[in-house]
Amino acid sequence: MGKIVIKQTPSGYRFNLKASNGEVIAVSETYKSESGCLGGIESLKANANAPVEDQTVSEPEQLKNPKYEMYTDKAGEFRFRLKARNGEIIAVSEGYKAKASCLNGIASVGRNAPEAEIVNE
């Protein structure tokens with residue numbers, strides 16, 4: 001089972017979703033308060049199994065939020081961002097060299113986030 005690690009930063013609070021092997025799967029934005037960060041975590045858990053909008057294809061099917069958006073960054077790597085029902089970004093991924101690895105990252109969020117333990121660091 002994964003865990004969600006809350007970290008205090010100079011500008012607020014962030015969380016990292018980690019897989020059972022300790023690898024970071026996704027990271028959040030910076031929240032001004034710990035309660036805002038906890039709200040983001042609840043949104044992550046609630047939306048972890050959202051559908052994927054593949055923006056790497058020439059004519060992507062436009063899906064309603066909540067959804068994952070899979071895209072390529074300026075370096076040509078595959079990334080995803082999970083968006084809440086209101087369109088706000090909940091969490092983002094690292095860059096992946098292969099599309100299949102990015103899809104595995106999305107699947108890992110779906111497996112790990114819903115039951116993840118929340119810990120403060």
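**Figure 1. Surface and overall fold of the predicted model.** The accessible surface of the protein comes to about 6700 Å². Carbon and sulfur atoms hold 47% of that surface. The model is predicted. Two helices and eight strands make up the secondary structure. Their order along the sequence is β-β-β-α-β-β-β-β-α-β. The radius of gyration is 14 Å, close to the 14 Å that the globule rule gives for 121 residues, so the protein is as compact as a globular protein of that length. The C-alpha trace spans about 40 × 30 × 25 Å along its principal axes. Of the 121 residues, 44% count as buried. Among contacts with a separation of 6 or more, 43% join residues 24 or more positions apart.

**Figure 2. The largest nonpolar core.** This core has 28 residues. Phe-15, Leu-17, Leu-44, Tyr-68, Phe-80 and Val-109 have the most contacts inside it. Both helices contribute: H1 (34-47) and H2 each supply at least two residues. So do strands E1 (3-9), E2 (12-18), E3 (24-28), E5 (67-72), E6 (78-83) and E7. In soluble globular proteins, nonpolar side chains tend to be buried together.

**Figure 3. Surroundings of Tyr-68.** Tyr-68 is one of the core residues with the most contacts inside the core. Neighbours within four places in sequence are left aside here.

**Figure 4. Helix H2 and its buried residues.** H2 has 14 residues, which at 1.5 Å a residue should span 20 Å. The end C-alpha atoms of H2 are 20 Å apart, which agrees. Buried in H2 are Cys-102, Gly-105, Ile-106, Ser-108, Val-109, Gly-110 and Asn-112. An α-helix has 3.6 residues a turn, so residues three or four places apart point the same way. The buried residues of H2 pack against helix H1 and strands E2, E3, E4 (52-54), E5 and E6. Val-109 is among the core residues with the most contacts inside the core.

Figure 5. Ser-93 sits in the loop between strand E7 (89-92) and helix H2 (99-112). Its relative accessible area is 7%, so Ser-93 is buried. The cut-off for buried is under 20%. The side chain of Ser-93 reaches the backbone nitrogen of Phe-80 at 2.9 Å. Beyond residues up to four places away in sequence, Ser-93 touches Ile-25, Arg-79 and Phe-80.

Notes:
Residues numbered from 1 in each chain as written. Predicted model: local features only at pLDDT ≥ 70, side-chain atom pairs only at ≥ 80, totals over all residues. Heavy atoms only, no water. Helix = DSSP H or I, 4+ residues; strand = E, 2+ residues; numbered from the N terminus. Buried < 20%, exposed > 50% of the residue type's maximum accessible area, 1.4 Å probe, protein only. Polar contact = N/O pair within 3.5 Å; in protein donor to acceptor, adjacent residues only side chain to side chain. Contact = heavy atoms within 4.5 Å. Core = buried A, V, L, I, M, F, W, Y, C linked by side-chain atoms within 4.5 Å. Rg over C-alpha atoms; globule rule 2.2 N^0.38 Å. Areas by Shrake-Rupley, 256 points an atom, 1.4 Å probe, with all protein chains shown as cover. Expected span 1.5 Å × (residues − 1).
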